[in-house]
Amino acid sequence: AGHRGGAGGGAAWEDDDDAAVQVDIAALNRARKLRTSEEETTITGAEYSARLRERFATSNPATAWATRGDGDGSDSDDEGGALLRSTAPLFDASDNALESGRINMTRLKDANYREPSEAVVQSVRFHPQGRLLLTGGFDKRLRFFQVDGKTNAKVQSVFFPDLPIHSAEFTNDGAQAIVSGRRPFFYSCDIRTGKIDKVARIIGRTERSLESFAVSPDSQLIAFLGNDGYIILVSNRSKQWVANLKMPAAVRAVCFSPDGSELLSTGVEGDVFRWDLRTRRVAVRHKDEGSMCGTAIATSRDGRFYAVGSDMGVVNVYDAAKTATYVATEAGRRSVFAAASVAPPPEKSVMNLTTAIDHLRFTHDSQVLAIASRRTKDALKLVHLPSYTVFANWPTSKTPLHYVSSLDISPHSGLMSIGNDRGRVLLYRLNHYKQV
């Protein structure tokens with residue numbers, strides 16, 4: 001099955017070129033109600049989006065309080081100290097719903113302006129407590145910054161002479177940073193003591209590269225992407241091999257479910273696997289609609305959704321519970337061999353990027369999904385999940401993204417960090433969220 005989109009799929013995506021898009025509202029049955037006269041046939045994309053929002057507000061008066069903030073997505077420098085010092089509750093009764101269409105963003109000083117990287121920034125990650133940010137890249141340095149949007153003080157820098165860094169992650173208990181690259185070994189860094197330990201290899205495995213991995217929510221397991229479809233589970237405590245999971249084709253991306261009960265994986269052939277980590281067997285397997293190769297996968301922090309990115313630049317968003325039910329129902333109707341080809345319909349296919357998806361990040365409340373590709377300049381979009389539309393006002397043509405090589409959103413979604421090929425880590429305030 002192909003990806004749904006265009007006029008036939010009913011998706012009217014918003015972006016910076018909306019003004020140049022012409023929408024034939026006379027030809028679309030459900031768009032005819034947006035006409036102001038019988039003679040009206042086409043309007044601009046921007047006008048179409050505005051009329052949709054107006055109609056939605058009229059039909060849903062309970063959301064009328066969710067008016068836009070003053071922000072316009074400007075990329076002008078703003079230290080934003082007062083916002084970052086806020087200790088108010090994350091939500092109150094009047095601001096928990098994020099409106100579609102426009103997002104209020106403020107650019108802060110680069111997170112690593114005190115010491116920019118000398119090469120591509122491959123990893124940026126916020127500490128679970130939110131204020132500490134790590135960066136790592138091909139200059140073989142792991143740097144830590146205390147981000148406040150104003151001074152962004154450098155805390156420490158660690159040089160790994162034998163490891164150009166491809167991936168670096170905090171464990172979810174905040175105690176360690178795991179660092180890896182295209183080498184058969186990896187490192188762990190104790191955040192409290194600064195002690196660095198090298199794990200020479202994973203016993204029983206012959207991989208020459210451990211450049212991609214994910215850490216479980218309870219910090220007990222590390223899942224490395226291995227050769228020939230193998231996913232290698234390693235104990236974070238002992239740094240020893242625990243078990244293998246095996247896909248029939250090469251694995252390209254993995255992530256854990258928020259409760260740690262499942263590991264999700266995707267790769268060549270475009271299949272999605274949801275592994276039950278108690279039995280280490282596949283609990284759910286399905287085709288990612290329209291995909292020939294999955295390149296990125298992520299779960300929302302509440303476990304409701306997961307997103308899968310493909311090498312064609314499409315991101316499919318699935319409802320986890322609905323997809324499991326659909327697959328089980330369809331599998332019961334088919335032979336064992338045909339069951340593997342079940343392709344559940346995604347909640348939405350996001351088609352705003354055209355090159356392989358490398359990064360997917362949800363805000364903590366599942367209202368925003370950030371998607372990015374490193375293959376094309378300025379290839380980053382923010383998706384408003386309740387409406388499945390892309391925010392039209394950010395990024396702009398003046399946003400200095402360049403080639404996005406890494407991406408993260410802070411624990412309470414107040415900050416977004418973006419690493420690029422120029423060695424910079426851009427820092428933005430998502431003003432809807434009160435806490436970092």
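Visitor: Which residue in S23 is the bridge partner of Val315?
Guide: Strands here are DSSP runs of E of at least two residues and helices are runs of H or I of at least four, numbered from the N terminus. S23 spans residues 348–350 and is joined to S22 by 3 bridges in the antiparallel sense, where two strands pair if DSSP finds at least two bridges between them. In S23, the partner of Val315 is Val350.

Visitor: Before we go on, what kind of model is this?
Guide: Residues are numbered from 1 along each chain as its sequence is written, and side-chain values use heavy atoms, with hydrogens and water left out. Local features need pLDDT of at least 70, side-chain atom pairs count only at pLDDT 80 or more, and totals for chains, interfaces and linings use all residues, since the model is predicted.

Visitor: Thanks! How many strands does the chain have?
Guide: Of the chain's 436 residues, 52% are buried, meaning under 20% relative accessible area with a 1.4 Å probe and protein chains only (exposed is over 50%, partly exposed in between). Among contacts (heavy atoms within 4.5 Å) between residues at least 6 apart in sequence, 54% join residues at least 24 apart. The secondary structure comes to 5 helices and, for the strands, 30.

Visitor: Back to S22: how many of its residues are buried?
Guide: In a regular strand, side chains alternate between the two faces of the sheet. On one side of S22 sit Val315, Val317 and Asp319, on the other Asn316 and Tyr318, and both faces are covered. The buried count for S22 is 5 of 5.

Visitor: Which residue takes a positive phi in the hairpin of S21 and S22?
Guide: S21 and S22 run antiparallel and are joined by 5 bridges, with Phe305 opposite Asp319. The hairpin has 4 residues between the strands, and the one with a positive phi near 90° is Gly313.

Visitor: Which residue caps the N-terminal end of H4?
Guide: H4 covers residues 320–333 and reaches 20 Å from its first C-alpha to its last, close to the 20 Å expected at 1.5 Å a residue; the expected span is 1.5 Å times one less than the number of residues. At its N-terminal end, a side-chain oxygen lies 3.2 Å from the backbone nitrogen of Ala321, and the capping residue is Asp319.

Visitor: How wide an arc do the buried residues of H4 cover around the axis?
Guide: The buried residues are Ala320, Thr323, Val327 and Glu330, while Ala321, Thr325, Ala328, Gly332 and Arg333 are exposed on the other side. The arc is that of the directions from the helix axis to the C-beta atoms. The four buried residues lie on the same side of H4 because their arc is only 105°.

Visitor: At what angle does H4 run to S19?
Guide: Strands S18, S19, S21 and S22 are among what covers the buried residues of H4. Axes are lines fitted to C-alpha atoms, for helices over the stretch in contact, and angles run from 0 to 180 degrees between N-to-C directions. H4 lies across S18 and S19, and its angle to S19 is about 90°.

Visitor: Which strands stand at the edges of the sheet that holds S19?
Guide: That open sheet has 4 antiparallel strands in the order S16-S17-S18-S19. Each edge strand has a single partner, so one side of each is left without a neighbour in the sheet; the edges are S16 and S19.

Visitor: How much does the other open sheet, S3-S30-S29-S28, twist from one strand to the next?
Guide: This sheet also has 4 strands with antiparallel pairing. S3 (105–108) and S28 (404–409) each have a single partner strand, so one side of each lacks a neighbour in the sheet. The twist averages 25°.

Visitor: Which residue of S30 stands opposite Met105?
Guide: Met105 and Arg107 point one way from S3, Thr106 and Leu108 the other, and all are buried. S3 is joined to S30 (residues 425–430) by 4 antiparallel bridges. Opposite Met105 stands Leu430.

Visitor: Last one: which residue's backbone oxygen does the side chain of Ser406 reach?
Guide: Ser406 is in strand S28 and counts as buried because its relative accessibility is 1%. Not counting residues up to four places away in sequence, Ser406 touches several residues, including His359, Ser417 and Ile418. A polar contact is a pair of N or O atoms within 3.5 Å; within protein, one must be able to donate a hydrogen and the other to accept it, and residues adjacent in sequence count only if both atoms are side-chain atoms. At 2.9 Å, the Ser406 side chain reaches the backbone oxygen of Val121.
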